[in-house]
Amino acid sequence: MDETEVRRRVSEARVARLATVTADGTAHVVPCCFAVEGDTILTAVDGKPKSTTALKRLANIEAHPGVSLVVDHYEDDWDRLWWVRVDGRARIVRSGPERERALDALAAKYPQYQEVRPPGAVIVVEDLTWRSWP
């Protein structure tokens with residue numbers, strides 16, 4: 001896939017898997033909603049049922065900002081399989097205009113966020129490296 005196609009497929013995807021690294025060096029992977037804005041990927045701690053908004057992924061990013069985001073497509077026709085992994089450096093934005101712009105981008109993609117804006121922190125992933133198959 002060329003870079004334009006890779007970015008299109010990721011931008012149109014509805015869910016990705018965000019991988020962070022825990023304090024003991026193990027992988028921590030969670031599904032997430034996200035938006036691509038230029039050379040950044042944005043995701044937020046939303047209001048779906050959780051015991052807290054102080055999520056493990058946030059602590060992981062604070063300790064180890066390197067993250068990966070995977071978007072994939074599966075069909076029984078294996079000629080139609082594909083995946084994209086985006087590696088980057090994440091940072092957490094808890095308030096201010098940058099957080100509001102990120103929430104606007106997420107709300108533009110997900111109608112649920114237009115109705116109820118995510119109450120938690122925003123994760124901004126930058127310095128992106130795109131890898132894909134096939």
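Residues are numbered from 1 along each chain as its sequence is written, and side-chain values use heavy atoms, with hydrogens and water left out. Because the model is predicted, local features need pLDDT of at least 70 and side-chain atom pairs count only at pLDDT 80 or more, while totals for chains, interfaces and linings use all residues.

Contacts of Leu69 (heavy atoms within 4.5 Å), leaving out residues up to four places away in sequence, include Phe34 and Ile41, along with Val84, Arg85 and Val86.

Helix α3 covers residues 97–109. Among the buried residues of α3 are Arg99, Leu103 and Leu106, where buried means under 20% relative accessible area, exposed over 50%, and partly exposed in between (1.4 Å probe, protein chains only). The elements that cover these buried residues include α1, β6 and β7.

Strand β7 itself spans residues 122–133 and contains Arg131. Arg131 is partly exposed, with a relative accessible area of 37%. Apart from neighbours within four places in sequence, Arg131 contacts Trp83, Val84, Arg85 and Asp87. With Asp87, the side chains make a polar contact at 2.7 Å (a pair of N or O atoms within 3.5 Å; within protein, one must be able to donate a hydrogen and the other to accept it, and residues adjacent in sequence count only if both atoms are side-chain atoms).

Two backbone details are worth a look here. Most residues other than glycine have a negative phi, and most peptide bonds are trans. Asp127, also in β7, has a positive phi near 55° and is exposed at 59% relative accessibility. The peptide bond from Trp133 to Pro134 is cis, with omega near 0°, and Pro134 sits in the segment after β7.

In the loop between β1 and β2 lies Thr22, which is buried at a relative accessible area of 5%. The Thr22 side chain makes a polar contact of 2.5 Å with the side chain of Asp24. Thr22 also touches His28, Lys56, Asn60 and His64.

Finally, the structure has 15 salt bridges, each a side-chain nitrogen of Lys or Arg within 4 Å of a carboxyl oxygen of Asp or Glu. One of them joins Glu62 and Arg94 at 2.7 Å, N to O. Glu62 lies in helix α2 and Arg94 in the loop between β6 and α3, so the pair ties together parts that are 32 residues apart in sequence. Another links Glu75 and Arg80 at 2.9 Å; Glu75 is partly exposed at 24%, and so is Arg80 at 48%. Arg99 and Glu100 pair at 3.0 Å, with Arg99 buried at 10% and Glu100 partly exposed at 34%. Salt bridges that share partners also join Glu5, Arg8, Arg9 and Glu12 into one network.

Conventions:
Helix = DSSP H or I, 4+ residues; strand = E, 2+ residues; numbered from the N terminus. Expected span 1.5 Å × (residues − 1).
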